Amino acid sequence: MTAAAETRRDRITKLRGELATHGLDAALLTHAPNIRYLSGFSGSSGMLVVLPEEAGLITDFRYEQQAGEEVDGVAEILVARDGLSSMLAERLKDRSQVRKVGFEAGYVSVRDRRELGERCSSVVWDDLPQTVERLRAVKDADELASIDRAVQVAERALEETLATVDEDVTELELATELRHRLALQGSTGEPFETIVASGERTALPHASPSERSFREGDLLLLDFGATIDGYCSDITRTVVLGTPTPWQREIHARVLEAQEAALAAIRPEGAAADVDRAARASLEAAELGDRFGHSVGHGIGLEVHEGPRLFRKSKDTLEAGNVVTVEPGVYLAGKGGVRVEEDVLVVEAGHRVLTCSSTALREL
Ligand code: ZN
Ligand code: ZN
């Protein structure tokens, strides 16, 4: 068994320990990133059933070979010929020691929940605690290496893309260019829809690229990421086409101050909410607090939004090994906005910024 497979087996063992403390006999995982984390399987059709002595990955004919290669002995591969849940029912029947099974209530539709109840009528279904999400929030060395590469790939693609910016290029064209460069650099997929906004459209925090073409004096906001081995990066840079105006310089400087303040609040045992509060206090001092309407960041990993969550009311506590984004922004409707997003590792001494490209207001 490979080291990666051993790691996954350990994760499943940790999950079993947690099940016992919650009075659960088994767990059914249906959320793809959790299945991948525990078993290595990256296909889109699968269920992972973790029983007291064994684990089974249920998939269909299309993924039989892939599952065998990826799962590498961590779980038995069960190929369903007649739907995944009928195979699950077969696995669970006649197991007197499996009474109560945890399932991921947040990811199961009402229809699928009903089907589980009908097909597996001998078991009691209950909420699975957020164990896998909590384990996933603390990255090991291999996961960090993948995220580091995802950051590097994204930054190289950014440099190449910025070199092609010119007046009359449209947001959609630049977004296509960026996606192309990301793929050529080795990204296996967009972790989220690439954002390219220009001019007054930079005031839309989640702008979809449009037909608008760039003009002298425009702010350009690019929010994008790469995926390597399933792990994401998530970076935002705001640049200016030509010479920035005083108000553009001003809000960019205030965003960088907010970011410094947020970064200074990142440390193990620190409250995730304090990171958000620090950024917000910095912008409030500049009377821009009401122009920053989203949370300051989120964990990244197998998903682009995962724990810990860095928002005002977050109950999460930071731990060494968390990887989070820090992305304060200021948005002035009708004028433009600035966001700068860094990817940051929580380390014993505080934090380490993984992104390397300059956060200064670059003039293209
Ligand atoms: Zn982003
Ligand atoms: Zn983000």
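Visitor: Which residue stands opposite I58 in β4?

Guide: In this predicted model, strand β3 (residues 55–60) and strand β4 (residues 76–80) run parallel and are joined by five bridges. I58 has its opposite residue in β4. That residue is L78.

Visitor: Through which helix does the chain cross from β3 to β4, and what is the handedness of the crossover?

Guide: Strands β3 and β4 run parallel. The chain passes between them by way of helix α3 (residues 64–71), giving a β-α-β crossover.

Visitor: In what order do the three strands of the open sheet stand, and which of them are at the edges?

Guide: The pairing in this open sheet is antiparallel, and the order is β7-β8-β11. Two of its strands each have a single partner strand, so one side of each is left without a neighbour in the sheet. The edge strands are β7 (195–198) and β11 (235–240).

Visitor: What is the average twist from one strand to the next in the sheet β7-β8-β11?

Guide: The sheet is open, with antiparallel pairing. From one strand to the next, the twist averages 10°.

Visitor: Which residue of β8 is the bridge partner of A197?

Guide: Strand β7 pairs with strand β8 (residues 219–224) in the antiparallel sense, over four bridges. The partner of A197 in β8 is L221.

Visitor: Which helix packs on this sheet, and what angle does its direction make with that of β7?

Guide: The packing helix touches both β7 and β8. It comprises residues 171–185 and is helix α8. Its direction and that of β7 make an angle of about 145°.

Visitor: At what angle do the axes of α9 and α10 cross, and which handedness does the crossing have?

Guide: The axes of helix α9 (residues 246–264) and helix α10 (residues 272–285) come within 8 Å and cross at roughly 150°. The contact involves R254, V255, E257, A258, A261 and A262 of α9, with V275, A278, A279, S282 and L283 of α10. These residues divide into eight nonpolar, one polar and two charged. The angle is roughly 150°, and the crossing is right-handed.

Visitor: How far apart are the closest N and O atoms of E115 and R119?

Guide: The structure holds 30 salt bridges, and E115 forms one with R119. Because they are four residues apart in helix α5 (residues 110–119), E115 and R119 are separated by about one helical turn. The closest N and O atoms are apart by 3.0 Å.

Terms used: Residues numbered from 1 in each chain as written. Chains lettered and ligands numbered in written order. Predicted model: local features only at pLDDT ≥ 70, side-chain atom pairs only at ≥ 80, totals over all residues. Heavy atoms only, no water. Axes fitted to C-alpha atoms, helices over the stretch in contact; angles between N-to-C directions. Left-handed = near helix turned anticlockwise from the far one by under 90°. Contact = heavy atoms within 4.5 Å. Nonpolar A, V, L, I, M, F, W, Y, C, P; charged D, E, K, R; others polar. Pairing = 2+ DSSP bridges. Right-handed = clockwise from strand over helix to strand, strands pointing away. Salt bridge = Lys/Arg side-chain N within 4 Å of Asp/Glu carboxyl O.
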